[in-house]
Amino acid sequence: MSPSEISLPATGIVLAATPLGNIGDASPRLRDALGRADVVAAEDTRRTRNLAAALGVELGGRVVSNFDHNEDKRVSELVAEARRGLVLVVSDAGMPLVSDPGHALVTAAHDAGVPVTCLPGPSAVTTALALSGLNVGHFIFDGFAPRKAGPRRAWLESLVGQSRAVCFFESPHRIGATLRDAAEVLGADRRAAVCRELTKEYEEVRRGKLGELAEWAAEGLRGEITVVVEGGTQPQAAPEDLVGLVLARVDEGERLKDAVKDVARAHGVKTGDLYDEALLGRGGDS
């Protein structure tokens, strides 16, 4: 028996990182787990079967789907399976739970006293951070950027004074709009890196200022995208300089008072002062 086989438990939940794109990044422990698991809970069963075939591994147990829309229904079944055998949890690429399914199952397993362990490996987050060439000694991960313009700008406004680097995922067809909003809210000179198709044949890491990156990605990009934005410092904003941010949120349907409160908090100005300036900007209508 190999050392990797010995390290796998007989029962419980095992979370396993899968390759982002390069099949050579699959660990020996992942190969063993795919062959030994009694149940493989996969985000996409077809992709997991293809992965096993590419690795030359014969799946030894049942393969069941476990994705965002059915995970809650799967939890009790998988926890029960994990009491008597090995349940392997995998996502399409990278580490389960990191903007992927698995959270509900792991929470239920802990609550039920069922062992949970992890087979570490590929992660788009840490790979992008390492490749970014930015100051990422301290960072936060924010999952996917909000889809709609209003919530997206509100999220970006919360990062204005964030001193840690922020890493997030974005879709190919929204990346241009997100970078444009980021340049407007965080400043066109703030440094960032756009990482595309990590570990794959057409891997690309584009570093630069947000303004430059927004122009480069204006027409959209292809592939899976991870973005890293370097941390900033809290600016000494004047209330009158923030009126545009407030009114943009109001135009998206947000109440003026709510928009003022959030923007004032994010930029460290007095709510009353910003409200007065926003009223002037709207011509005095509240």
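Two strands pair if DSSP finds at least two bridges between them, and helices (H or I, at least four residues) and strands (E, at least two) are DSSP runs numbered from the N terminus. These legends describe a predicted model, in which local features need pLDDT of at least 70, side-chain atom pairs count only at pLDDT 80 or more, and totals for chains, interfaces and linings use all residues. Residues are numbered from 1 along each chain as its sequence is written, and side-chain values use heavy atoms, with hydrogens and water left out.

**View A. Strand β7 and its partners.** Let's start with β7 (residues 165–170), joined by five bridges to the antiparallel strand β10 (residues 225–229). Here F168 stands opposite V227 of β10. Strand β6 (residues 139–144) runs parallel to β7, with four bridges between them; I140 has V166 as its bridge partner.

**View B. Two covered faces of β7.** In a regular strand the side chains alternate between the two faces of the sheet. In β7, A165, C167 and F169 on one side and V166, F168 and E170 on the other are all buried (under 20% relative accessible area, 1.4 Å probe, protein chains only).

**View C. The largest nonpolar core.** A nonpolar core is a set of buried Ala, Val, Leu, Ile, Met, Phe, Trp, Tyr and Cys residues joined through side-chain atoms within 4.5 Å. This one has 38 residues, and L179 and L210 are among those that touch the most other members. Helix α8 (residues 175–186) gives the most, with six residues.

**View D. Around L179.** Leaving aside neighbours within four places in sequence, L179 is in contact with V194, L210, L213, A214 and A217 (heavy atoms within 4.5 Å).

Notes. Buried < 20%, exposed > 50% of the residue type's maximum accessible area, 1.4 Å probe, protein only.
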